[in-house]
Amino acid sequence: LHSRQMDQPLFDIVKRTATDHSMKIQWHCCHSKGVETYREFLNYFPAAILSLGGMCCHAGEKALQRLVGELVANERDPSERRFTFETDA
């Protein structure tokens with residue numbers, strides 16, 4: 001998935017149309033304004049991952065940084081990590 005500033009509407013569409021919750025989905029271009037939606041997305045699709053750009057390193061992106069911290073703290077095995085970092089940002 002790739003969306004800018006339409007996180008909740010896009011997720012609503014995916015929830016309505018994706019009948020298999022075990023689908024492997026990568027959500028590209030994640031940002032701090034969608035943090036709650038991303039949490040819900042990861043719970044709804046247990047095999048999904050988030051793709052985070054360089055903006056997560058900016059001092060003002062505290063919400064996104066907290067989300068990454070939560071994801072790391074909750075992982076049982078690093079090979080099952082639920083996020084990746086993008087290089088195009």
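## Close-up views of a predicted model

**View 1. Phenylalanine 41 and its surroundings.** Not counting residues up to four places away in sequence, phenylalanine 41 touches Leu1, Phe11, Ile25, Trp27, Ala48, Ile49 and Leu50, where contact means heavy atoms within 4.5 Å. This is a predicted model, in which local features need pLDDT of at least 70 and side-chain atom pairs count only at pLDDT 80 or more, while totals for chains, interfaces and linings use all residues. Residues are numbered from 1 along each chain as its sequence is written, and side-chain values use heavy atoms, with hydrogens and water left out. Phenylalanine 41 lies in helix H2; helices (H or I, at least four residues) and strands (E, at least two) are DSSP runs, numbered from the N terminus. Phenylalanine 41 counts as buried because its relative accessibility is 0%, given that buried means under 20% relative accessible area, exposed over 50% and partly exposed in between (1.4 Å probe, protein chains only). Between the C-alpha atoms of phenylalanine 41 and asparagine 74, which are 33 residues apart along the chain, the separation is 16 Å.

**View 2. Aspartate 7 in helix H1.** Aspartate 7 is found in helix H1, which spans residues 7-17, and with 6% relative accessibility it counts as buried. The side chains of aspartate 7 and tyrosine 38 are joined by a polar contact of 2.9 Å; a polar contact is a pair of N or O atoms within 3.5 Å, of which, within protein, one must be able to donate a hydrogen and the other to accept it, and residues adjacent in sequence count only if both atoms are side-chain atoms. Not counting residues up to four places away in sequence, aspartate 7 touches Trp27, His31, Gly34, Thr37 and Tyr38.

View 3. Asp7, Leu10, Phe11 and Val14 are the residues shown here as buried in H1. They lie on the same side of H1, because they cover an arc of only 95° around the axis, the arc being that of the directions from the helix axis to the C-beta atoms. The buried residues of H1 pack against strand E1 (26-30) and helix H2 (35-44), whereas the face turned away from the buried side carries the exposed residues Arg16 and Thr17.

**View 4. H1 beside H2.** H1 and H2 pack at an angle of about 15°, with their axes 10 Å apart. That angle makes H1 roughly parallel to H2. Axes are lines fitted to C-alpha atoms, for helices over the stretch in contact, and angles run from 0 to 180 degrees between N-to-C directions; those under 35 degrees count as roughly parallel, over 145 as roughly antiparallel, 65 to 115 as roughly perpendicular and the rest as oblique. Where the two helices meet, Asp7, Gln8, Phe11 and Lys15 in H1 face Thr37, Tyr38, Glu40, Phe41 and Tyr44 in H2.

**View 5. H2 beside H3.** The axes of H2 and helix H3 (residues 62-74) come within 10 Å and cross at roughly 25°. That makes H2 roughly parallel to H3. Val35, Tyr38, Arg39 and Leu42 in H2 meet Ala63, Leu64, Leu67, Glu70 and Leu71 in H3.

**View 6. Serine 51 in strand E2.** Serine 51, which lies in strand E2 (residues 49-52), is buried, with a relative accessible area of 2%. A polar contact of 3.2 Å joins the side chains of serine 51 and glutamine 26.
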